[in-house]
Amino acid sequence: MATPLTDHEKRKQISVRGIAGLGDVSEIKKSFNRHLHFTLVKDRNVATPRDYYFALAYTVRDHLVGRWIRTQQYYYEKDPKRIHYLSLEFYMGRTLQNTMINLGLETACDEAIYQLGLDLEELEEIEEDAGLGNGGLGRLAACFLDSLFPGLHGFSGPGGKISNGWQVEEADDWLRYGNPWEKARPEYMIPVHFYGHVQHSSEGAKWVDTQVVLAMPYDTPVPGYKNNTVNTMRLWSAKAPNDFNLQEFNVGDYIEAVLDRNLAENISRVLYPNDNFFEGKELRLKQEYFVVAATLQDIIRRFRSSKFGCRDPVRTSFETFPEKVAIQLNDTHPALAIPELMRILVDVEKLEWDKAWEVTVQTCAYTNHTVLPEALERWPIYMFEKLLPRHLEIIYEINHRHLEKIAALYPGDSDRLRRMSLIEEGDPKRVNMAHLCVVGTHAVNGVAQIHSDIVKATVFKDFCDVEPEKFQNKTNGITPRRWLLLCNPGLADIIAEKIGEDFITDLFQLKKLLDFIDNDALIHDVAKVKQENKQKFAAYLEEEYKVKINPESIFDIHVKRIHEYKRQLLNCLHVITVYNRIKKDPNKHFVPRTVIIGGKAAPGYHMAKMIIKLITSVGHVVNNDPVVGDRLKVIFLENYRVSLAEKVIPAADLSEQISTAGTEASGTGNMKFMLNGALTIGTMDGANVEMAEEAGEENLFIFGMRVERWMDKRWYNASEYYQRLPELRQAIEQIRGGYFNPKEPELFKDVVNMLLNHDRFKVFADYEAYISCQEKVNELYKNPKEWTRTVIRNIAGSGKFSSDRTISEYAREIWGVEPSDVKIPPPNEPRE
């Protein structure tokens, strides 16, 4: 048997990542040593592995800087329309390897590091994940950056370790050791105001007696793939102003002043960890306004300083603003951009209301990410009144004018006015931020076709009746650079050998793989690289979790945020059912299966934490039962994050996408698994529907109710399924009776009570179909050749799900710009 190649040897092969030139290698070694000595002030006698990582990161960053500056010069010269993707989350993960790939440096860096006696992969593992997000929404923003092109600096979501089966939050201080990729820009510090009150006079409104917090920008370069373009992610950090004179304070006042400084800087200290679950807190509202206020002032400063932006002699200053600026609101979190832009235009720039409103609506667009009512932001009026009094006045005025139009269209329809109001009556009164977004933008989009249709038919039906042309669909996508080239280089090489390298920037090229669907060599190579990825991940699991798993088993992967609608409980019931079948008939042949579940629960989400505890408890029983052996293993991944996803996704055989139809807006994990050669078991929900269209429904394992069935609230009775299905009943009784947690037999009573009496997501209704579908999975897995051919059909059908395609559609259909493939000349080449 041939000895497997080491990772370094694989990287030395000619591949889609290019060949290392000797000059590049020599220069990288010199730069590495220079940074180790002069930037980090270390030598090889005292340097730590982290020092070596930083030296390499600074070396790679050197290759970015010239391109970064040249990109900004090019934008100033050409004055294109600028797209500002406004998001409170950018879940970037690690930067080093992605940057090397996009610059075409990975092979040269690997060879240089090898010659220096170090290991590139070990250095890559030292980098902290940039924890600027909770889940899919933040990761989507990061993929969009890779396909394109401001947020909060220093935000980190909580990490999650498992202690005795429970999720325990830990601080995720990803900036502890510094960040080699960012550049502070104190010269562009911006004041952001809170509290105070509003004075009205003949000259207009004035917001006075405010508390000021300074927003410090930090810029991170975001390189395009081998096109010399380096765009900017601008993040903001809260700083207290330095305007008090210490000599005028006695000791008590000084201490109080320092404490006030800490309060101000808390704004950007932590990211609220809830997603798909809205919880109103004043700090969160502060964060949302802080990002919006800093970003809008920055946008207007840049607009004023552009060569052509507002110096057009024919038009007034802000006439051209929507032609030069597009603001995309990533969910409702940055919705305050609408009243803030109105405040600036009306109060500061002295535009007439109607003109300011026209500019605002034409500049802003809104992406909706959920139809779950508990996830929609509704801020209490009293909080607005205290924190942002002028913005509340502006929202009232927007609502007044909006309702006047609706009343004229539908005279006497008071119920419609109530439904469409931006202000919800109740105790307390609240501002509906989604309604503000719909009214204050020129385009509203969902993130998968089924989701966009549901949005138009339910959540925003009244608005869609009035302005149907405003509503669009933009199906999500993922960047193929990180989610194939970086995380699965072996598969990328196999594809490149068959169809060339153009798929890296045009994922639709993958359709060409269908020409080789019966090619034995391709089938063999795809199966081989999957098995290598599985063996590598099995070794990782054995080291990290001390569980030895069978690499020949089905790697059945379910990784995403823990939430009732994502139905990790349905997966858990399948595990218990398989366990019971093995125990009942231990001599029968079972297709071996390793079930890997991962994800974080929001800290305040009791049921999600109970689901994690149940999964870990079931896993403890299953994994230690000698009758079961290696036929079934259950592992819960701690602290699931981007860098862990990059390991598990290439190793997956089966991708679990089993949310209740109509609840998952899109999903992007489903796309990553598909691209990396996993087969999907899923409901007709989110982007699964379009994945089935692209690859052929027969090449996915589709089961369960459709969205129309779920939306009909009348028919579901959990006890009917409980009584009719003996294997389901047995599993529930084991959970209820303490079989999986004998020391605390009543621990899971809330889970059982929810499933039997309060389950909005109808787990039992899909149980039978899910179990049956999993048996089809087993049958296909017994035929490795046909399994792999199905895998190739899925990879070939994944072209639609590139974020490059998504961004092109946003550009043409929302932002009014044509995507450009112009290569910016590198800094050492003559300009045009």
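Two bridges link strand E14 to strand E15 (residues 430-432), and the two run antiparallel. Strands pair here if DSSP finds at least two bridges between them. Strands (E, at least two residues) and helices (H or I, at least four) are DSSP runs, numbered from the N terminus. Across this pairing, Ile 423 faces Val 431 in E15. The pair belongs to an open, antiparallel sheet of three strands in the order E13-E15-E14. Its edges are E13 (378-380) and E14 (423-424), each of which pairs on one side only.

A word on the model before we go on. It is a predicted one, where local features need pLDDT of at least 70 and side-chain atom pairs count only at pLDDT 80 or more, while totals for chains, interfaces and linings use all residues. Residues are numbered from 1 along each chain as its sequence is written, and side-chain values use heavy atoms, with hydrogens and water left out.

Strand E11 (residues 325-330) is mostly covered, with six of its six residues buried. Buried means under 20% relative accessible area, exposed means over 50%, and partly exposed is in between (1.4 Å probe, protein chains only). In a regular strand the side chains alternate between the two faces of the sheet. In E11, Val 325, Ile 327 and Leu 329 point one way, Ala 326, Gln 328 and Asn 330 point the other way, and all are buried.

E11 pairs with strand E1 (residues 82-86) in parallel through five bridges, and with strand E12 (residues 364-367), also in parallel, over four bridges. Ile 327 is a handy landmark: His 84 stands opposite this residue, and Cys 364 is its bridge partner in E12.

| Partner of E9 | Sense | Bridges | Residues facing each other |
|---|---|---|---|
| E5 (residues 183-184) | antiparallel | two | Lys 183 and Asp 219 |
| E6 (residues 190-194) | antiparallel | five | Val 192 and Val 213 |
| E10 (residues 230-239) | antiparallel | 10 | Pro 217 and Trp 236 |

E9 and E10 form a hairpin with six residues between the strands, and there Lys 226 takes a positive phi near 50 degrees.

**A parallel sheet of six strands**

Another open sheet has six strands with parallel pairing, in the order E20-E19-E18-E21-E22-E23. Strands E20 (632-637) and E23 (701-702) are the edges, each pairing on one side only. E23 is joined to strand E22 (residues 679-682) by two bridges, in parallel, with Ile 681 opposite Phe 701.

Two packed helices are described by the angle between their axes and the distance between the axes. Axes are lines fitted to C-alpha atoms, for helices over the stretch in contact, and angles run from 0 to 180 degrees between N-to-C directions.

Helices H11 (residues 337-348) and H12 (residues 353-363) pack at about 140 degrees, with axes 9 Å apart. H11 and H12 are therefore oblique to each other. Angles under 35 degrees count as roughly parallel, over 145 as roughly antiparallel, 65 to 115 as roughly perpendicular and the rest as oblique. In this contact (heavy atoms within 4.5 Å), Ile 338, Leu 341, Met 342, Leu 345 and Val 346 of H11 meet H12 residues including Trp 353, Ala 356 and Trp 357. The residues of the H11 and H12 contact comprise nine nonpolar, two polar and no charged. Ala, Val, Leu, Ile, Met, Phe, Trp, Tyr, Cys and Pro count as nonpolar, Asp, Glu, Lys and Arg as charged, and the others, Gly among them, as polar.

H11 also packs on helix H14 (residues 389-409), at about 95 degrees and with axes 9 Å apart. H11 and H14 are therefore roughly perpendicular. Among the residues making this contact are Ile 338, Glu 340 and Arg 343 of H11 and Arg 390, His 391 and Ile 394 of H14. This contact divides into six nonpolar, one polar and four charged residues.

**Two buried residues**

Arg 789 lies in helix H32 (residues 784-796) and is buried, with a relative accessible area of 16%. Leaving out residues up to four places away in sequence, Arg 789 touches Ile 517, Asp 518 and Ile 523.

Leu 118 sits in the loop between helices H5 (106-115) and H6 (120-126) and counts as buried at 17% relative accessibility. Beyond its neighbours within four places in sequence, Leu 118 contacts Phe 32, Arg 44, Tyr 52 and Ile 113. Leu 118 and Tyr 52 are 66 residues apart along the chain, with their C-alpha atoms separated by 8.6 Å.
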